[in-house]
Amino acid sequence: MRKTLEVIGLGMLAVIYWITWTALNGPDRLPERIPTHFDISGNPNGWGSPNTLLLIPIVATGIYLLITVLASIPTTKFNLPVRVTTANLPFIQEQTRDMVSWIKVEMICLFTYVQTSIIQAARSSEFRLSPRMIPVFLVAVFGTVGWYLVAIVKGANARENS
């Protein structure tokens with residue numbers, strides 16, 4: 001599962017770069033002024049050059065790499081709601097690595113959505129992002145963390161008691 005998620009995450013990074021390159025260099029060029037920042041209700045409140053679109057893939061790549069590096073920290077250094085023992089360590093390591101892989105994919109999908117939405121808004125002159133984007137993203141990330149924490153607690157306790 002983890003390798004599949006890594007491939008999906010890297011594929012989504014490639015998609016962000018392709019979308020950006022196409023928007024900046026393709027035949028359907030963007031206008032000279034595009035929305036670059038949106039308020040909580042999805043309305044633009046910042047404008048700039050299309051070249052500012054280069055920031056999103058760069059930041060997405062940085063976050064992807066940062067999370068990848070942080071995931072290499074030994075599980076025994078994490079602050080988990082269970083005691084890590086030799087009996088449950090392999091299970092906890094597997095679960096935390098899977099959780100981190102899911103979160104990376106979710107983050108990259110958010111960046112891809114934002115980049116695509118900004119480009120579509122600039123091309124259609126309908127400058128608005130969906131106000132549901134933030135709540136859906138937060139539910140996805142916190143749902144993933146909650147799901148895996150419950151699985152870690154149940155699985156670690158079961159392995160400890162057996």
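**How the helices pack**

Helix α1 (residues 2-25) packs against helix α2 (residues 55-71) at an angle of about 165 degrees, and their axes are 10 Å apart; here helices are DSSP runs of H or I with at least four residues, numbered from the N terminus, while axes are lines fitted to C-alpha atoms over the stretch in contact, with angles running from 0 to 180 degrees between N-to-C directions. That angle makes α1 roughly antiparallel to α2, a term for angles over 145 degrees, just as angles under 35 degrees count as roughly parallel. This is a predicted model, in which local features need pLDDT of at least 70 and side-chain atom pairs count only at pLDDT 80 or more, whereas totals for chains, interfaces and linings use all residues. Residues are numbered from 1 along each chain as its sequence is written, and side-chain values use heavy atoms, with hydrogens and water left out.

Which residues of α1 and α2 meet? From α1 come E6, G9, L10, L13, I16, Y17 and T20, and they meet P57, I58, A60, T61 and Y64 in α2, where contact means heavy atoms within 4.5 Å. By class, this contact of α1 with α2 has 8 nonpolar, 3 polar and 1 charged residues; Ala, Val, Leu, Ile, Met, Phe, Trp, Tyr, Cys and Pro count as nonpolar, Asp, Glu, Lys and Arg as charged, and the others, Gly among them, as polar.

The next pair is α2 with helix α3 (residues 89-124), whose axes come within 10 Å and cross at roughly 175 degrees, and α2 and α3 are therefore roughly antiparallel to each other. In this contact α2 contributes residues including I56, V59, I63 and I67, while α3 contributes, among them, V100, K104, M107 and F111. By class, the contact of α2 with α3 has 14 nonpolar, 2 polar and 1 charged residues.

Finally, α1 and α3 pack at an angle of about 15 degrees, with their axes 9 Å apart, and that makes α1 roughly parallel to α3. By class, the contact of α1 with α3 has 14 nonpolar, 7 polar and 7 charged residues.

Methods
Helices (H or I, at least four residues) and strands (E, at least two) are DSSP runs, numbered from the N terminus. Angles under 35 degrees count as roughly parallel, over 145 as roughly antiparallel, 65 to 115 as roughly perpendicular and the rest as oblique.
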